[in-house]
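This report walks through a few places in one protein chain. Please look over the sequence and the structure before reading on.

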Amino acid sequence: MVKTLNPESLFAGKIHALLARTYLNRVKGRDYYDLLFFASRDVKVNLKYLNSKLQDSGHINKARVLKEKELIELLKEKFSETDFEKAKKDVKPFLKQNSLINVDDWNSELFIAIAETIKIS
């Protein structure tokens with residue numbers, strides 16, 4: 001039997017990657033692309049799954065239960081600190097010339113605005 005995750009859990013996994021990845025000074029633009037992909041499709045985040053992933057990876061205390069407002073604040077903080085020039089450079093090689101995604105518009109304000117629209121399941 002093949003087990004798969006539903007879109008809400010996949011989105012939670014992508015948010016975990018975005019919040020938890022540590023590559024010294026490297027930014028994974030693909031994590032930001034994935035966030036846009038799920039958010040643009042109005043996929044909700046499985047907060048219970050995300051909380052578990054963050055606990056398992058040691059990014060939040062095992063006793064802590066992340067709430068929706070806290071998640072949004074974590075994302076906004078992350079986006080405020082992100083070097084979007086590095087994110088753009090990382091993701092551009094994966095996009096076709098005629099891609100509908102214009103990464104040149106990526107900046108902290110855009111992603112903070114998107115974070116404020118994220119819904120929880």
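## The loop residue N46

N46 sits in the loop that links α2 (29–40) to α3 (47–56). The model described here is a predicted one. N46 has a relative accessible area of 18%, and because buried means under 20%, N46 counts as buried.

When neighbours within four places in sequence are set aside, the residues in contact with N46 are E8, S9, A12 and S121.

In soluble globular proteins, nonpolar side chains tend to be buried together. In this model, the largest nonpolar core holds 32 residues, and I15 and F79 have the most contacts inside it. Two or more residues of this core come from each of α1 (7–20), α2, α3, α4 (68–81), α5 (84–91) and α6 (108–115).

What is F79 in contact with, leaving aside its neighbours within four places in sequence? The residues are L18, Y32, L35, F84, S108, F111, I112 and A115.

## How α2 meets α5

Two packed helices are described by the angle between their axes and the distance between the axes. The axes of α2 and α5 come within 7 Å of each other and cross at roughly 85 degrees. Angles of 65 to 115 degrees count as roughly perpendicular, and α2 and α5 are therefore roughly perpendicular to each other.

On the α2 side, the contact is made by G29, R30, Y32 and Y33. On the α5 side, F84, A87, D90 and V91 make it. Sorted by class, the residues of this contact are 5 nonpolar, 1 polar and 2 charged.

## The loop residue V27

V27 lies in the loop between α1 and α2. Is this residue buried or exposed? V27 is buried, and its relative accessible area is 14%.

Apart from neighbours within four places in sequence, V27 is in contact with Y32, T82, D83, K86, A87 and D90. Among them, Y32, A87 and D90 also belong to the contact of α2 with α5. As for L66, it is 39 residues from V27 along the chain, and the C-alpha atoms of V27 and L66 are separated by 24 Å.

Definitions and conventions: Residues numbered from 1 in each chain as written. Predicted model: local features only at pLDDT ≥ 70, side-chain atom pairs only at ≥ 80, totals over all residues. Heavy atoms only, no water. Helix = DSSP H or I, 4+ residues; strand = E, 2+ residues; numbered from the N terminus. Buried < 20%, exposed > 50% of the residue type's maximum accessible area, 1.4 Å probe, protein only. Contact = heavy atoms within 4.5 Å. Core = buried A, V, L, I, M, F, W, Y, C linked by side-chain atoms within 4.5 Å. Axes fitted to C-alpha atoms, helices over the stretch in contact; angles between N-to-C directions. Parallel < 35°, antiparallel > 145°, perpendicular 65-115°, else oblique. Nonpolar A, V, L, I, M, F, W, Y, C, P; charged D, E, K, R; others polar.
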